[in-house]
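Here is my note on the model, point by point. Please keep the coordinates open as you read.

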Amino acid sequence: MSAWPGFLRRTPLGTEADRATFHTLHTASLASPALRQGLTGASAAQAVPHLRALLGSPAVALTDTAGLLAWDGDGSHHAGHVPALIGPAVEHGSTRTADASDLPCEDPTCPVRHAIATPLVVEDRIVGVLMAFAPQPSAGLVLATHEVAQWVSGQLELAELDAQRTRAMEAEVRALRAQISPHFIYNSLGAIASFVRTDPDRARELLLEFADFTRYSFRSHGEFTTLAEELRSIERYLILEQARFGDRLRVTLQVAPEVLPVTVPFLCIQPLAENAVRHGLGALDGVGRLSIVARDLDHECLIEVEDNGVGEDPERVRRALAGDGSLDSVGLGNVDARLRNAFGDDYGLVVETAPGAGTKVIVRVPKFAPGVHA
Amino acid sequence: MIDSWAALVGVVLVAVTTLAIGTWGLRFSRTTSDFMVASRTVRPGLNASAIGGEYLSAASFLGVAALVLTFGADMLWYPVGWTAGYLVLLVLVAAPLRRSGAYTLPDFAEARLQSRGARAVCSVLVVAIGWLYLLPQFQGAGLVLRQAVGAPPWVGTLVVSLVVLANVTSGGMRSITFVQAFQYWFKLTALLVPAAVLVAVWVGDGAVNPADADGPGSAGIWSIPLGEGGAQGLYVTYSLIVATFLGTMGLPHVVVRFYTNPDGRAARRTTLAVLGLLGLFYLLPPVYGALGRVYAADLADGGATDTLVLELPRLMLPGVGGDVLTGLLTAGAFAAFLSTASGLTIAVAGVLGQDVTGRRYGDRRLSGVTAFRVGAVLAVVVPGVLALASMDVGVARVVGLAFAVAASTFCPLLVLGIWWRDLTAAGAVAGLLVGGLGSGFAVAWTLLTTATEGWAPVLLGQPAAWSVPAAFATMVVVSLATRGRSRVDARRFMVRLHTPESLPLDRG
């Protein structure tokens with residue numbers, strides 16, 4: 001690390017060619033954040049001045065497949081010709097040029113005499129066209145336009161990946177909502193039925209708990225909820241599980257009332273509790289001990305879900321957190337991803353486990369994060 | 001001193017209990033059978049007691065009586081203002097602040113203005129106000145221990161600093177609402193029981209009217225507001241009213257307590273309860289001041305009036321009875337230092353831990369807990385050293401200055417931020433700087449000089465009357481000048497602040 005500054009001092013800016021390269025890379029990096037948002041009017045308007053700087057031509061335009069999104073540089077009175085000019089490029093999927101006959105103009109000083117149109121391709125699909133305009137035809141500019149279009153396509157592909165990741169995460173939350181297993185429903189109703197004759201009051205209470213539990217879990221709106229709501233739902237879940245397992249499931253809840261209003265991602269603790277119940281019931285002595293602790297750490301809140309089950313190989317947990325779905329832990333990776341998404345990478349899940357030593361999952365949540373509210 | 005055993009026992013008991021609760025307080029557990037989340041949300045009454053416990057500091061416990069003894073009825077504006085501040089908080093701030101979801105004042109600035117710069121300025125101000133408020137707590141502690149056991153003043157400052165530091169770094173007592181609530185009732189009892197006994201003694205002695213007693217100043221001047229002082233007295237009074245009425249909402253350790261309320265409605269109920277509890281408490285210190293004029297007039301001549309509350313039982317009731325009452329009062333005063341200083345230290349350490357010690361320096365970055373602990377050390381050491389270095393300026397006066405800074409900075413931010421859509425980040429930062437620098441200069445000048453002649457000490461000793469309007473005006477003017485930059489989602493945020501949670505509404 002320390003060698004860098006000295007190295008820079010000896011040859012401050014490199015050769016002429018080096019400097020040109022640095023300049024080009026810098027210009028490209030300026031355009032990249034806008035393009036990473038996908039191809040829209042707003043992102044095109046932000047990116048197109050930097051693209052013009054890259055190409056060094058008097059005017060540059062970005063279009064989608066239907067028409068102009070943004071124009072930068074002189075001769076914007078030609079914007080009306082754009083739909084006709086991009087037609088061939090979109091149709092054939094290759095770079096097309098156009099000359100003055102396609103760009104009728106009254107102004108003799110207008111620099112827009114020739115046009116180069118290169119399609120932007122994302123996953124084999126043409127999503128738009130990059131156009132460069134020049135007074136004279138030049139093979140160099142055609143080549144440059146082609147290369148820049150390739151680069152823009154790459155950025156747009158990354159944007160598409162980002163969007164896909166978000167969509168996948170949302171889909172997983174929907175799946176989590178619907179993931180209450182058929183077994184849980186069947187077994188809960190069975191347990192309730194067994195009380196109907198012997199203890200009708202308890203059966204009624206359990207049925208109401210079941211109704212409230214499903215209403216919360218199937219809730220369709222809102223990405224966030226309060227810790228109080230989430231814990232209430234977990235409480236109902238545990239009451240139903242205890243009705244079924246009786247003494248085989250022992251639960252300790254220790255919650256500081258000060259952290260109940262904290263905002264947390266919807267269904268971010270409940271999957272952890274379900275995992276803990278499942279692991280705990282598989283414990284060696286057959287008695288599952290589960291403890292849920294929520295503590296107040298000034299500007300943060302700490303939630304620990306612990307069981308006395310058989311534990312897990314830490315390496316497998318690491319893979320599950322990285323997105324491997326083979327582990328028998330519902331939604332661990334998904335909970336981790338959503339916590340990081342909402343609060344930043346400092347707030348990922350921490351899992352303490354080893355074979356035969358039980359599992360403890362630790363969640364930290366800040367009391368305030370910009371843009372996060374229930 | 002042999003006759004100080006009761007006071008020593010009181011101090012040791014309070015310190016040990018505080019540390020014990022801080023260390024083991026979290027070990028209470030419950031099982032599902034008797035656990036219902038809904039029933040465990042903090043009720044407004046309990047939360048209000050906790051706010052009272054944290055809010056009633058040495059200034060309230062010792063300072064008010066001393067000021068009333070020395071300067072007379074004018075000084076009743078201090079307790080009046082410290083209570084009425086919650087009325088302003090109730091009407092203008094409580095519910096919207098809770099609905100904003102902000103935990104600290106910098107959080108509110110960031111959420112409302114979407115500006116890291118405004119957040120940074122607020123963080124600096126939180127630390128400044130916290131240190132200014134901690135200073136008299138540590139000074140007062142030195143006074144109390146000197147009075148109780150004859151130790152030199154630095155011993156008390158050191159003991160309180162260490163107890164607070166140990167308590168905060170070991171886990172803190174902030175988290176336990178119940179403990180803070182208990183602190184309120186303990187302080188109230190510690191002040192109420194001796195007051196009842198002493199009033200009985202006073203009645204037995206023939207109930208001399210304090211106004212007629214042979215105290216400092218003539219009776220008319222002592223008992224009539226603005227008996228002397230003319231225009232300057234009037235200015236000081238109004239300035240004090242502005243500072244205390246508007247400063248309460250900007251105290252870092254008070255605001256975080258509102259987060260504990262489940263919703264805006266509960267926040268309002270809590271504030272209402274706080275008003276009642278503080279009103280009850282503040283009936284008592286003036287009783288000590290008035291009795292002091294009858295029985296302890298020579299204290300005022302000596303200038304060491306901050307110890308009045310502790311001296312009075314011994315002067316009025318020589319013997320074991322007086323010792324026991326003094327012990328109770330000393331314990332109450334010590335509890336006042338510890339609870340307020342702990343709350344402030346946690347607030348300051350939280351900001352320092354997040355924005356200063358928790359940052360990455362080179363390749364190294366402290367973990368969250370370590371950063372918080374280092375922040376706590378800084379939060380205690382700076383005012384501790386200042387308390388040892390600076391001379392005695394009067395506990396209630398310095399607290400009054402802390403209120404003036406809070407009123408000149410966070411009051412405009414909160415009031416305009418909540419009630420005026422066009423407040424911009426640039427306007428807020430400009431107003432915070434004008435208010436903060438103006439009142440800050442006044443504080444520094446007051447703490448460092450001893451001049452008492454002319455208008456300068458009056459204007460700078462009680463700056464709120466000019467610094468608060470200046471801050472408001474700056475925020476409004478600069479916001480209007482930068483109006484184009486006001487954000488579209490400010491409107492959405494206002495909707496969140498002002499609609500009750502029960503209303504079905506898309507707040508995303």
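1. A definition comes first. The bend at a residue is the angle between two fitted axes, one for the seven residues ending there and one for the seven starting there. On that basis, α4(B) bends by about 30 degrees at B:V64. Bear in mind that this is a predicted model.

2. Helix α4 of chain B covers residues 58-71, which makes 14 residues. From first C-alpha to last, α4(B) reaches 18 Å, close to the 20 Å expected at 1.5 Å a residue. After α4(B) comes B:G72, with a positive phi near 90 degrees.

3. Is α4(B) enclosed or open? Of its 14 residues, 14 are buried, so α4(B) is largely enclosed by the rest of the structure. A residue counts as buried here if 20 or more other C-beta atoms lie within 10 Å of its own.

4. The largest nonpolar core has 162 residues. B:A333, B:F334, B:A402, B:A407 and B:A428 touch the most other members. Helix α17 of chain B (residues 320-355) supplies the largest share of this core, 19 residues. Apart from this core lies another, of 46 residues, including A:F210, A:V264, A:I292 and A:V365.

5. Look next at B:A333. Leaving out residues up to four places away in sequence, B:A333 touches B:A58, B:F61, B:L62, B:V144 and B:L310.

6. Helix α11 of chain B (residues 230-247) has 18 residues. The C-alpha span of α11(B), first to last, is 25 Å, close to the 26 Å expected at 1.5 Å a residue. Which residues of α11(B) are buried? They are B:S239, B:L240, B:V242, B:A243, B:T244, B:F245, B:L246 and B:G247. Their cover includes α5 (77-100), α19 (395-419) and α22 (464-481) of chain B.

7. Now chain A. Its division is into domain 1 (16-170) and domain 2 (179-366). The C-alpha centres of domain 1 and domain 2 of chain A lie 51 Å apart.

8. Strand β1 of chain A (residues 59-64) has five of its six residues buried, so β1(A) is largely enclosed by the rest of the structure. What does β1(A) pair with in the antiparallel sense over five bridges? The partner is strand β2 of chain A (residues 68-73). A hairpin of three residues joins β1(A) to β2(A), and A:L62 stands opposite A:A70 in β2(A).

9. β1(A) is also joined to strand β5 of chain A (residues 125-134) by six bridges, and these strands run antiparallel. Here A:A59 stands opposite A:F133 in β5(A).

Key:
Residues numbered from 1 in each chain as written. Chains lettered and ligands numbered in written order. Predicted model: local features only at pLDDT ≥ 70, side-chain atom pairs only at ≥ 80, totals over all residues. Helix = DSSP H or I, 4+ residues; strand = E, 2+ residues; numbered from the N terminus. Expected span 1.5 Å × (residues − 1). Buried ≥ 20, exposed ≤ 12 C-beta atoms within 10 Å, placed from the backbone. Core = buried A, V, L, I, M, F, W, Y, C linked by C-beta atoms within 7 Å. Contact = placed C-beta atoms within 7 Å. Domains from an automatic or database assignment. Pairing = 2+ DSSP bridges.
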